[in-house]
Amino acid sequence: MNLFVEILRSSLASAIPVLLVALGGAYSFHANVFNIAMEGMMLTSAFTAVAISYATGSWVWGLVGGIAGSLVITLIFSFFILKLKTGEFITGIALNLFTTGATTYLLRQIFNVKGALISPKIVPLPRIDIPLIKDIPVLGTILSGQNILVYISLIIVVPLVFYQIYRSRMGLRLRATGFDSRAVDSVGIKSDPIKFQSLLICGLLCGLGGTALSLGYMSLFTENMAAGRGWIALAIIILTQGQPIGILLLSILFGVFEGVGLSLQNVGIPSQFTAMLPYISTIVALFIFSRQQKKKKSLAADL
Amino acid sequence: MKKTVVVILGVLLAFIVGAILLSAQGYHPIESYISMFKNSLLTKIALGNTLARMAIFIMLGLAAYFGFNSGVSNLGLFGQLLMGALVATLIGQHLNASPVIAIPLMLIAAAIAGGVYSGIAALFRLGFGMNEFITTLMMNFIAKYLIAYLVTNPMRDPNSQWPMSRPILQSNVFSRIGDIDMTVFLAILIFIIVFLYWNFTRRGYEFRLTGANNLFARLGGCEVNKNFFSSMVISGVLAGIAGAFLIMGSTQQNKLIPNLGETNASDGLMIAIISGQSMPSVLFFSLFFGIIQTGSVGMQMDTNVPSEFTVMLQAIMVLFVVAFRDYSELFINLIKARSKSRKLRTEDHEPVC
C-alpha cells in the first residue's frame, strides 16, 4: 500500500513536465505548425533554469531563466519557419541537435563538468504543503508536498489552456488558422502573427516544462536530460488531437509508467528494462489509438 | 552551382560565428582552427583517424539521406546502429573462422539487424499508420537501454572495472592498408553502389519521385507503400553497417560500450540535412565532419578549447545552411517577381493623361 502511494506521488511529479510541454504543443498543433523543436526547447530551459538557479541561488530566477531559455529557441524557430520559410521538420531536427550540442558545450564550459551537474547550490522549486488535504491519509501524501509547478499547472494552466483554445476569440482564430490559413488571411486576419503567438505560448509552456523537469522533478542537469520527453509529448498530442483534458490524462498515465518503472527496480527487475517502459508504452499507446481509428473508419465505411 | 555557393557560404558563416564565440570566451580563434585542421590532417595517424571517422559518417549520412529524400523520416539511426553493433559483437566474439568468411558474415548480419529494426517501424507505419519518426525515436531509447543492460549484466567483461563487453576476436577486426582502415574503402565502395542505385535504376528513380511528391508518385503508378518499406529498410541496413564499423574498425575499441555511437547518429542526420538533395555532398561533409571531430581532440590539448565545441559548430553550420538554402530561393523569387512587376508597370500601364 505504501509503495502504491509512493508510485502515485512520484508519478504526479514526473507527469508535469510532459504535461506542460504537451499543452504547449497543443497550441502549435491547433495552429497547424509542426513543432518538433519542443524537445530542444525543453532541454534548453532545463539547462538555463539549473544554471541560473545555481548562479543566483533563487528558484524564482531559475524559473524565469528556464522560460527565457526556451523562448530564445522559440524565437529562432519562429524566425526560421515564419520569416525564412524553412521546412518545419528539418528546422526542428536541426534545432534539437543544436540544443543538445549547445547545452553539452555550455555545461563543460561554464561548470567544467561532463555528463551531469549535481550541486547543493541548485535551488529547487519549493514544495508546498496544502493545509487541509495534507491530513487526509492517502490522498494527502499524493497531493500535498509537491513542487509548486505541479499545482500551478493542474489548477491554473490546464483550465486556462482549455479556455483559451476552445472558448476565446484567440483560440477560434488559432484553430481557424490551423484549419486553413489562407481562409484566415482572406478575411483580413494575418495568419503568421497567430502562428507566432501560438509558438510563443508553446515556448513559454515548454520553458515551464523544462524547469519542472530540472528544478522540480529532479534537482540537477544531465546531458540530453529531456530524454525523449518532448517526443512523448508530441505522441500524446497526436493521440489526443490536442485536447487539454486528454493531454492531462495521458501525461499522468506516462507519469504512472515512469513511477511503476522506478518501483519495479525494487522487485529486482534491472533498471535498464524499467527505464524502457515509458517508451514502450508510448509505442503501445500509438498502436491502440491507430487500431481504434481504423475501426472507426471501417464503421463509417459500413454505413 | 547556386546551391553549392549557398552551402559554402553557410559553412563559412558558421566558422565565423564560431570564431566570435571562441574569442568571446578568451580563446584565440584562428589558432584554434589551425590546430583543429593540423591535428586531423597532417600526421599519418591523425589522417587515418579522420578517414575512419569519415567512413562511419558516410554510412550514417547515406542512411539519413536515403530516408529524407525518399519521404521517410527515419530518426532511428541510433537504434539501428546499436542493433548492428550488437550483432557484430556477438558474432565477432565467438566466430573463430578465417577473416574472409567471418568479416563479411558479421557485416551482413549487422546490416540485417539494422534493417529488421527499421523494418519494424516501417510495418508499424504501413499497417497501423503510426508516425515513423516517433516510433523510430522511441526505439532508439529501447535499444540504448537494451545495450546498457547487456554490457552491465550478461555480456559484461568480468575483468573490466567499467561496464563494457569483452572485445571481439582480434582476427575479426578490420586490417589496415598503410594507416588507412579497411572500413574507409568499404564505405566508399558502398557509397558508389548506393549512388548508382539511387541515380540510375528504376527503383532509385521511384524513391526520388516519392520523396519529391508522394501524391504524384502514387498517381504515376509507383507502389508507394512498398517503396516506403524498402527505403526504410535500406536506411536501417546502412545504419546497421555503420554499427558494425564501430565495432570492427581498427581504430575503434572493438567492443560494446554504454555510449557507443551516441553522437554519431545525430552527426549522420546533420550531414544529410546539410547535403540537402545532393548525394556527393554526403561524401564531402562526412570528410569535413571527420576532420573537425578528429581535430577537436588535438585542439583541446593545444588551446584548451573543449572538444565539445565542435558539436556546437556543426549544429550552427546546419542552421545556417538550412536558413540560406531555403531563404535564397524565396529571396531570388521575390526579386524576380519585383523586377517583373516593375517591367509590367512601365510597359503596360503608362499614365493615361
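In the predicted model, helix 4 (residues 77-94) of chain B and helix 10 (residues 224-248) of chain B have axes that come within 7 Å and cross at roughly 50°. Helix 4 of chain B is therefore oblique to helix 10 of chain B, and the crossing of the two is right-handed. Residues of helix 4 of chain B that make this contact include L77(B), L81(B), G84(B), A85(B), A88(B) and G92(B); from helix 10 of chain B, the contributors include G236(B), G240(B), G243(B), A244(B) and I247(B). By class, the contact of helix 4 with helix 10 of chain B comprises 13 nonpolar and 7 polar residues, with no charged residues.

Helix 4 of chain B also packs against helix 5 (residues 99-128) of chain B, the axes coming within 8 Å and crossing at roughly 145°. This crossing, too, is right-handed. Among the residues of helix 4 of chain B that take part are G79(B), M83(B), V87(B) and I91(B), which meet a set in helix 5 of chain B including L105(B), A109(B), A113(B), Y117(B) and S118(B). The contact of helix 4 with helix 5 of chain B has 13 nonpolar and 6 polar residues, and again no charged residues.

Between the chains, the contact takes 38 residues from chain A and 34 residues from chain B. On the side of chain A that touches chain B, two or more residues are given by each of helix 4 (88-111), helix 10 (229-240) and helix 12 (271-302) of chain A. Helix 4 of chain A provides the largest share of that side, 14 residues. By class, the side of chain A that touches chain B has 23 nonpolar, 12 polar and 3 charged residues.

Terms used:
Residues numbered from 1 in each chain as written. Chains lettered and ligands numbered in written order. Predicted model: local features only at pLDDT ≥ 70, side-chain atom pairs only at ≥ 80, totals over all residues. Axes fitted to C-alpha atoms, helices over the stretch in contact; angles between N-to-C directions. Helix = DSSP H or I, 4+ residues; strand = E, 2+ residues; numbered from the N terminus. Parallel < 35°, antiparallel > 145°, perpendicular 65-115°, else oblique. Left-handed = near helix turned anticlockwise from the far one by under 90°. Contact = placed C-beta atoms within 7 Å. Nonpolar A, V, L, I, M, F, W, Y, C, P; charged D, E, K, R; others polar.
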